Amino acid sequence: MSDALKIITDPTLTYNQQLVQLAKLGENTDHTIVLSPELKKAKKDAIICDLGEGNAPFRPRYICPDYSILMKKGSEFLGLPKPKDLWEACNSLLIMYKHVPSITTFPVYLGDLDILLEPFVKKMDRAEAKKCLRLFLTHIDRTLTDSFVHADIGPKDTQTGRIILELTEEMQLAIPNLTLKYDPKLTSEEFAVLCAKCMMKTAKPSFANYRMYAKDWGKDFAIASCYNGLKIGGGGFTLPRLRMYEMSKKAKSPEQFLKETLPFYTKLILKNMDDRIKFIVETSNFFKANFLVTEGFVQLDNFTGMVGMVGLAECVNNLLKIKDPTKGYGNNPEADKLGQKIMDKLEGLVAKHKAKYAAAFDHRYRLHAQVGIDSDGRENSPGVRIPVGSEPEMIEQIKHACMFHKYFPTGVGDIFKFEETWTKTPEALVDVIRGALNNGMRYFSGYLANNDVVRVTGYLVKRSELEKLDKGKQSLNNVSVFGKGARDLSSALDRRINK
């Protein structure tokens, strides 16, 4: 059976899911970008992975439009005037979202919704504003059917933010993903507690370290997709990744890995990124003709390349010949020290590489702790996380995360699963989160063990939707199939429960 026929006959795929997969097949018939023999071998050995971007990337992987322009001016291409009230503002955003591409075909960034919509909400009766926002969120969930769709709120307490939190709890939707840009000096304690309560019940919002991201990107930053830090008005050109465990198998010792193996494969991935980005900018028509560029919603200089990596834990444990993961990375000072050495080396290699584009970032790419894909199984834990089932108690896990989150401006995070009694003390949870972020944690996510909406590796799914797939039925959410794979192949939902 041909690959096309497999897609066409798969009963678990919706029409739109089939359409996307068939389009990817067509894209992959092009081989304009030349791959060196060394890169082909690295891909065959599963050390370098392009994360499904295809052979001919014809748009940046992640795009973060400056939606404030839509609120101020409208869009000539879309025939949208400047909105006058909340109904028009939400309608304009929903129309624009359909025209923002990404690797998933859906927008990965919906904007800082509270900032965008607060001026309109303030002019309306609260009940009517809530009705409008309920329809807005319903439309997003039913049409932008992918949990990598992401919106932000904060850092300040707003009426809009509060209504979004209320609706998030009431509606129990996996889409959109949601982040609070949290700064104890800017975010009221009351609002932070409301966010913590909502996170417990719906697995969102996550808490992003506002000061840390603002230092790396400036105040105009977006949290997009899973937890990706990028610049508003820009985005990420491409996100290939290094699978560190497979890479470690090419070295006979930690010393050889640091001196020879890691530099060799890092050089390969950086060269491939240069080639792919050149194709996006110079060959595809996105930066020449797309209205997002011509109307100023994004600018070329505000994009950068994202160097992804997964499996640091398994890499370290393999290099040190540690068989029991509960005695390795995350639970062993020697293993953690080697992990830091590896990250110091990788960070330095990436920082030395000068890219033709990414002008706003001194022509440099930035590191990303990639959340993994379902086919990674147990051999490559997401980014720099401790393997599921090997986590120490929460405070020790947070301390460990704080050692590694500094390396990843374009995104890193950790997830904590909580027992029901935490809902009685959300103030205590906020204290924990505040302490974690103050000590260098970049991104904190959590959810209750008995939730329907759960966080898998960075994205959200519903257990009820996974049950549909288990029965051979379709799920509207594109990423449910990834969640099922992560559950079945890497036990992603079996992380430690914090009591």
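Predicted model: local features only at pLDDT ≥ 70, side-chain atom pairs only at ≥ 80, totals over all residues.
Local features need pLDDT of at least 70 and side-chain atom pairs count only at pLDDT 80 or more, while totals for chains, interfaces and linings use all residues. Residues are numbered from 1 along each chain as its sequence is written, and side-chain values use heavy atoms, with hydrogens and water left out.

Visitor: How are H6 and H8 oriented to each other?
Guide: Helices (H or I, at least four residues) and strands (E, at least two) are DSSP runs, numbered from the N terminus. Helix H6 covers residues 113-121 and helix H8 covers residues 159-171; their axes come within 7 Å and cross at roughly 110°. Axes are lines fitted to C-alpha atoms, for helices over the stretch in contact, with angles from 0 to 180 degrees between N-to-C directions. Angles under 35 degrees count as roughly parallel, over 145 as roughly antiparallel, 65 to 115 as roughly perpendicular and the rest as oblique, so H6 and H8 are roughly perpendicular.

Visitor: Which residues of H8 make the contact with H6?
Guide: Contact means heavy atoms within 4.5 Å. H6 brings Leu 113, Asp 114, Leu 117, Glu 118 and Val 121. From H8 come Gln 159, Thr 160, Gly 161, Ile 163 and Ile 164.

Visitor: Which way is the crossing of H15 and H16 handed?
Guide: The axes of helix H15 (residues 312-319) and helix H16 (residues 333-352) come within 9 Å and cross at roughly 115°. A crossing is left-handed if the near helix is turned anticlockwise from the far one by less than a right angle, and right-handed if clockwise. This crossing of H15 and H16 is right-handed.

Visitor: Is Gln 18 buried or exposed?
Guide: Gln 18 sits in helix H2 (residues 15-27). Leaving aside residues up to four places away in sequence, Gln 18 touches Ile 7, Ile 8, Thr 9, Asp 10 and Leu 13. Buried means under 20% relative accessible area, exposed over 50%, partly exposed in between (1.4 Å probe, protein chains only). Gln 18 has a relative accessible area of 16%, so Gln 18 is buried.

Visitor: Why is strand E4 largely enclosed by the rest of the structure?
Guide: Asn 177, Thr 179 and Lys 181 point one way from E4, and Leu 178, Leu 180 and Tyr 182 the other way. E4 spans residues 177-182, and it is largely enclosed because six of the six residues are buried.

Visitor: What is the bridge partner of Asp 152 in E4?
Guide: Two strands pair if DSSP finds at least two bridges between them. Strand E3 (residues 150-153) pairs with E4 in the parallel sense over four bridges. Facing Asp 152 across a bridge is Thr 179.

Visitor: Which are the edge strands of the open sheet of six strands?
Guide: The order is E3-E4-E5-E14-E13-E17, with mixed pairing. An edge strand here pairs on one side only. The edge strands are E3 and E17 (497-498).
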